[in-house]
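Here is a short briefing to read with the sequence and the model side by side.

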Amino acid sequence: AIQQCAIIGRPSEKWGEQVHAVIVAQPGQSPSQESITDFCQGKIANYKFPKSIEIIDEMPLSGAGKILKTTLRRYR
């Protein structure tokens, strides 16, 4: 099960940018990339489908609790 998720663009030589999912699992859970891919299949359009998935321990958040996508992009 997933606690938080953010979608960011990642550099790609072929497309310029590709969809990258950054995920935080719920405590005690460890979803596989395959289970995440299976869940997304058929629910979102192919061009929105994440080409890569990364599972991290903690999402960088602002003081207001919003995901800091600039921080995610910097280290991915």
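**Overall layout**

Helices (H or I, at least four residues) and strands (E, at least two) are DSSP runs, numbered from the N terminus. The model is predicted, with local features needing pLDDT of at least 70 and side-chain atom pairs counting only at pLDDT 80 or more, while totals for chains, interfaces and linings use all residues. Residues are numbered from 1 along each chain as its sequence is written, and side-chain values use heavy atoms, with hydrogens and water left out.

**Size, burial and contacts**

- Taken along the principal axes, a box of roughly 35 × 25 × 15 Å holds the C-alpha atoms of the chain.
- Of the 76 residues in the chain, 28% are buried; buried is under 20% relative accessible area, exposed is over 50%, and partly exposed lies in between (1.4 Å probe, protein chains only).
- Among contacts in the chain with a separation of 6 or more, 51% join residues 24 or more positions apart; contact means heavy atoms within 4.5 Å.

**The largest pocket**

- The largest pocket holds about 230 Å³ of space.
- On a 1 Å grid over the protein atoms alone, a pocket is an open set of points where a 1.4 Å probe fits, with protein on both sides within 12 Å along at least five of seven lines, and lining residues have an atom within 4 Å of a point.
- Grid points are joined across faces, edges and corners, and the volume is the space filled by probe spheres set on the points.
- Its lining has 14 residues, and Cys5, Ile36, Phe39, Cys40 and Pro50 lie nearest the centre.
- β1 (2-12), β2 (16-25) and α1 (33-40) each give at least two lining residues, and α1 gives the most, with four.
- By type, the lining has 11 nonpolar residues, one polar and two charged; Ala, Val, Leu, Ile, Met, Phe, Trp, Tyr, Cys and Pro count as nonpolar, Asp, Glu, Lys and Arg as charged, and the others, Gly among them, as polar.

- Isoleucine 36 belongs to helix α1 and is buried because its relative accessibility is 6%.
- Beyond its neighbours within four places in sequence, isoleucine 36 touches Ile2, Ile23, Pro31, Ile53 and Ile55.
- Between the C-alpha atoms of isoleucine 36 and glutamate 54, 18 residues apart along the chain, the distance is 11 Å.
- Isoleucine 2 is found in strand β1 and counts as partly exposed, because its relative accessibility is 37%.
- With neighbours within four places set aside, isoleucine 2 contacts Ile23, Val24, Ala25, Gln26 and Ile36.
- Isoleucine 2 and proline 31 are 29 residues apart along the chain, with 7.6 Å between their C-alpha atoms.

**Lysines and rings**

- Where is lysine 14 placed? Lysine 14 is in the loop between β1 and β2, and at 67% relative accessibility lysine 14 is exposed.
- The charged end of lysine 43 sits over the ring of phenylalanine 39, 4.5 Å from the ring centre; a charge sits over a ring if NZ of Lys or CZ of Arg is within 6 Å of the ring centre and within 35 degrees of the ring normal.
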